[in-house]
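I opened my notebook to write down what I looked up in this structure.

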Amino acid sequence: RRIVVTRPRAQAGPLADGLADLGATVTLIPLVAIEPAEDTAPLVAAARDLEAYDWIVLTSANGVAALGRALAGKSVRGPKIAAVGPATADAVRSLGGEVAFVPAVFSAEDVAAGLGPVAGAKILLPQADAASPDLAIELRSRGATVDAIVAYKTVAVEPTPAVREELERGADAIVLASGSAVHSLATLDVDLAGHPPLVCIGPRTADAAR
């Protein structure tokens with residue numbers, strides 16, 4: 001089966017390798033790229049004062065990487081850390097941090113509930129520029145003070161004619177890992193042969209696709 005993986009090339013390896021191990025023919029067509037936030041000062045300031053936080057909630061490996069740059073070589077230590085997904089948890093450990101909570105499902109309610117009572121807690125939430133506000137809203141509704149800081153941005157990748165041709169060939173499935181990738185695909189002027197199914201990582205990506 002021919003599977004199109006739309007993650008940024010630097011992050012597509014584990015998924016592409018896993019699919020190839022299962023016998024799939026994998027075509028990498030990145031639809032988004034990850035870039036640093038335009039203003040890194042807020043995250044750098046938060047990184048200097050990590051001890052002021054009770055929790056850091058990291059929703060992607062991109063957020064971990066951005067926090068790592070802000071820490072400038074220091075370990076992620078002090079607050080308890082929640083990491084959404086095993087890849088994000090592994091990224092936290094690579095920075096010397098311990099992960100206290102990994103939710104089974106990435107939804108605002110599940111993440112917030114997994115932190116336990118947070119009334120009066122201060123929480124750092126590094127996220128993408130286009131991140132949903134739902135998690136911050138949910139945590140604040142439970143009494144937490146949340147610093148939701150733009151740590152990185154996602155930008156659409158304009159495909160080359162050769163990439164457009166690859167997409168128009170169709171596929172047995174197209175894997176989408178973020179709402180940004182969904183929107184990038186939706187705005188492309190391509191006719192996907194056979195209308196392949198979209199496989200979405202996470203409920204918010206699925207909602208965006210629908």
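The entries below cover the core, the salt bridges, a charged patch and a few pairs of residues.

**Entry 1: what kind of model**
I noted before anything else that this is a predicted model.

**Entry 2: the core**
I looked up the largest nonpolar core and found that it has 24 residues. Which residues have the most contacts inside it? I wrote down Leu-43, Ile-56, Leu-58, Leu-67, Val-92 and Leu-124. Helix 3 gives the most, with 5 residues.

How many salt bridges does the structure hold? I found 9 salt bridges. I remind myself that side chains of opposite charge can pair when their charged atoms come close.

I started with the side chains of Glu-35 and Lys-153, which meet in a salt bridge at 3.8 Å, N to O. Glu-35 lies in strand 3 (residues 32-36) and Lys-153 in strand 7, so this pair ties together parts that are 118 residues apart in sequence. I then looked at Glu-38 and found that its side chain also meets that of Lys-153 in a salt bridge, at 3.4 Å, N to O. Here Glu-38 sits in the loop between strand 3 and helix 2, while Lys-153 is in strand 7, 115 residues apart.

Are these residues buried or exposed? Lys-153 has 18% relative accessibility, and the cut-off for buried is under 20%, so Lys-153 counts as buried. Glu-35 is partly exposed, with a relative accessible area of 33%. Glu-38 is exposed, with a relative accessible area of 74%.

**Entry 3: other salt bridges**
I looked up Arg-142 and Glu-138, whose side chains meet in a salt bridge at 2.9 Å, N to O. Arg-142 is partly exposed, at a relative accessible area of 33%. Glu-138 counts as buried, at 18% relative accessibility. I also noted a network: salt bridges that share partners join Arg-2, Glu-166 and Arg-169.

I looked for a patch of negative charge on the surface and found one where Glu-165, Glu-168, Asp-189 and Asp-191 gather. Of these I checked Glu-168, which is in helix 7 (residues 161-168). At 36% relative accessibility, Glu-168 counts as partly exposed.

Where is Arg-169? I found Arg-169 in the loop between helix 7 and strand 8 (173-176). Arg-169 counts as exposed, at 53% relative accessibility. Gly-170 lies in the loop between helix 7 and strand 8 too. Gly-170 counts as buried, however, at 9% relative accessibility.

**Entry 4: distances**
I compared positions in sequence with positions in space, taking C-alpha to C-alpha distances. Arg-169 and Val-111 are 58 residues apart in sequence and 39 Å apart in space. Gly-170 and Leu-58 are 112 residues apart in sequence and 35 Å apart in space. I recall that Leu-58 is among the residues with the most contacts inside the largest nonpolar core.

My last pair was Ala-121 and Thr-145, which are 24 residues apart in sequence and 6.1 Å apart in space. I placed Ala-121 in the loop between helix 5 (108-114) and strand 6. Ala-121 is buried, with a relative accessible area of 11%.

Definitions and conventions
Residues numbered from 1 in each chain as written. Predicted model: local features only at pLDDT ≥ 70, side-chain atom pairs only at ≥ 80, totals over all residues. Heavy atoms only, no water. Patch = residues over 30% accessible without salt bridge, like charges linked within 9 Å, V, L, I, M, F, W, Y side chains within 5 Å. Areas by Shrake-Rupley, 256 points an atom, 1.4 Å probe, with all protein chains shown as cover. Salt bridge = Lys/Arg side-chain N within 4 Å of Asp/Glu carboxyl O. Lys, Arg positive; Asp, Glu negative; His and termini not counted. Charge placed at Lys NZ, Arg CZ, Asp CG, Glu CD. Helix = DSSP H or I, 4+ residues; strand = E, 2+ residues; numbered from the N terminus. Buried < 20%, exposed > 50% of the residue type's maximum accessible area, 1.4 Å probe, protein only. Core = buried A, V, L, I, M, F, W, Y, C linked by side-chain atoms within 4.5 Å.
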